[in-house]
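Colleague: I am new to reading structures. Please take me through this one, feature by feature.

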Amino acid sequence: MSDLRESLNKTREEFESKIKEITSSADIESLRVEYFGKKGKLTGVLRGMGSLKPEERPEAGKMVNEVRAKMEEVFAQTQSKMKAMESAHKLKREVIDVTLPTSFSGAGSRHPLNMAIDEICDIFLGLGYSIGEGPEVEYDKYNFELLRLPKGHPARDTQDTFYINENILLRTQTSPMQIRIMENQKPPIKVVCPGKVYRQDTLDATHSPVFHQIEGLVVDKGVTMGDLVGSLQLFAKKLFGEKTEIRLRPHHFPFTEPSVEVDLTCWKCGGCGCNVCKGEGWIEVLGAGMVHPEVLENCGIDSNEYSGFAFGIGVERTAMGRYGIDDIRLLYENDVRFLKQFK
Ligand code: DAH
C-alpha cells in the first residue's frame with residue numbers, strides 16, 4: 001500500500017514538472033501517451049494494484065482516483081491553453097494584407113439595355129440633342145394631367161398605374177419629362193430623356209412591369225411633321241442600317257396632334273415577313289406626334305409662336321431586335337452566362 005502511494009506521488013510529481021515544460025500540442029499529445037496511454041506510467045502504477053490485499057483495495061482505489069482526476073485536470077487545462085496559444089499564433093501568422101494587388105478576376109460588361117440606351121442617345125447627340133433625366137416617382141399632374149389626361153380619362157386605363165397616393169405614382173411613361181423640360185427651359189429645345197417606366201403588367205416573354213423608354217422632344221419656331229419624319233428616318237437607318245425604312249400609322253395620343261405609331265422594317269427579314277415580325281415585315285418601335293398646342297400652353301410656351309414634335313421609343317424592343325434577344329425576362333434576370341455574351 002505504501003509502495004503504491006509512493007509510486008503514485010512520484011508519477012504525479014514527475015508528470016506535473018514535465019507538463020510545465022510543454023510548448024506545443026504535439027508535446028502534450030506525447031505526454032498523454034507517456035502517462036495515460038495503454039503502456040503509460042499511470043496505467044502501469046494502476047496495474048500494481050493487482051498485488052494488493054483485498055481489504056486494502058477500496059482505499060487504494062479512492063487514492064488512485066483522486067490522483068488520476070488531479071492529473072487529468074492539469075492535463076486538460078494545459079491542453080486548452082496550448083490550443084488557444086497556437087490558434088492565436090496562427091491568426092497572427094496568417095494576417096492578410098488586403099492592400100496587396102491580386103490577380104485580375106475579369107471585368108464585367110455593360111448591360112445590353114444600357115448599351116441600347118447609349119447607342120440610341122449617341123445618335124441623337126450627333127443630331128444636336130442634349131440628354132435629360134427625371135424622377136421615376138412622379139406627380140400624377142406631370143405623368144397625366146398636364147399631358148391632357150385628366151382624372152377619369154379613358155386613355156389612363158391603357159397604362160395600368162402603380163399609385164403611391166392619389167397624386168403620386170410610378171411614372172408609366174417618360175412623357176412627363178416633356179413637361180419638366182418645358183417648364184424649366186425656353187425654346188429652342190432639343191432633348192432625349194432615357195429612363196425606367198412602370199406599369200402593372202404580368203411578366204412574360206414580351207411584357208415586364210418595369211421597362212425603359214427614351215422620350216424625345218423638339219420645340220422651336222416652325223417645327224413641322226416633316227422634321228419629325230426626317231429625324232426618325234435618320235435614327236432608324238443609323239441604328240439598324242441604311243436599308244431600314246419607317247412606316248407611320250395614324251394613332252391617338254392625348255398629348256400630340258396629329259399622332260402616329262411608327263414601325264421599322266423588320267430587322268430580321270428586312271421586310272419580307274418572318275416569325276419575328278409575325279409575317280408583317282414591320283415592327284412597331286415608337287409613338288410620336290406634334291406636341292399638342294395645349295401642352296405647350298400648359299408649360300407657358302406660346303403655341304402661336306412655337307411648335308414641336310415628340311416621340312417615345314421602347315428600349316426593350318429595340319435592344320431585343322438589335323441583339324437578337326427573344327425573351328424580355330433575360331434582360332432582368334442578370335444571369336452572367338447571358339450577360340457575358342455582350343462583352
Ligand atoms: N408615352 C407614350 C407611351 O408610353 C409614347 C409616346 C407617344 C411618346 C407619342 C411620345 C409621343 O412622346 O409623342 O405609350
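Modeller: Start with Lys278, which is exposed at a relative accessible area of 74%. Exposed means over 50%, buried under 20%, and partly exposed in between (1.4 Å probe, protein chains only). This is a predicted model: local features need pLDDT of at least 70, side-chain atom pairs count only at pLDDT 80 or more, and totals for chains, interfaces and linings use all residues. Residues are numbered from 1 along each chain as its sequence is written, and side-chain values use heavy atoms, without hydrogens or water.

Colleague: What is the phi of Lys278?

Modeller: Most residues other than glycine have a negative phi. Lys278 has a positive one, about 55°. Lys278 lies in the loop between β7 and β8. Helices (H or I, at least four residues) and strands (E, at least two) are DSSP runs, numbered from the N terminus. Arg148 also has a positive phi, near 65°. Arg148 is in the loop between α6 (140-143) and β3 (168-170). Arg148 counts as partly exposed because its relative accessibility is 25%.

Colleague: Which peptide bond is cis?

Modeller: Most peptide bonds are trans. The bond from Pro187 to Pro188 is cis, with omega near 5°. Pro188 sits in the loop between α7 (176-184) and β4 (189-198). A cis bond also joins Glu257 and Pro258, with omega about -5°. Pro258 lies in strand β7.

Colleague: In what order do the strands form the sheet?

Modeller: Strands pair through backbone hydrogen bonds, either parallel or antiparallel. Here seven strands form an open sheet, ordered β1-β4-β5-β9-β8-β7-β6, with mixed pairing. Two strands pair if DSSP finds at least two bridges between them. β1 (130-131) and β6 (246-251) stand at the edges with a single partner strand each, so one side of each has no neighbour in the sheet.

Colleague: How many bridges join β5 to β9?

Modeller: Eight, and β5 and β9 run antiparallel. Glu215 stands opposite Gly312 in β9. β9 also pairs with β8, antiparallel, over five bridges. There, Leu286 has Ile313 of β9 as its bridge partner. β7 and β8 are antiparallel too, over eight bridges. Glu261 stands opposite Gly287 in β8.

Colleague: How many residues of β9 are buried?

Modeller: Six of its eight, so to speak mostly covered. Nonpolar side chains tend to be buried together in soluble globular proteins. A nonpolar core is a set of buried Ala, Val, Leu, Ile, Met, Phe, Trp, Tyr and Cys residues joined through side-chain atoms within 4.5 Å. The largest core here has 43 residues, and Leu286, Phe311 and Ile313 have the most contacts inside it. The largest share of this core, eight residues, comes from α5. A second, separate core has 23 residues, including Ile181 and Phe255.

Colleague: What touches Phe311?

Modeller: Contact means heavy atoms within 4.5 Å. Leaving out residues up to four places away in sequence, Phe311 touches Phe124, Ile214, Leu228 and Leu286, among others.

Colleague: How far apart are the end C-alpha atoms of α5?

Modeller: The expected span is 1.5 Å times one less than the number of residues. For the 15 residues of α5 that should be 21 Å, and the ends are 21 Å apart, which agrees. Its buried residues include Leu113, Ile117, Ile120 and Phe124. Just after α5, Gly128 takes a positive phi of about 90°.
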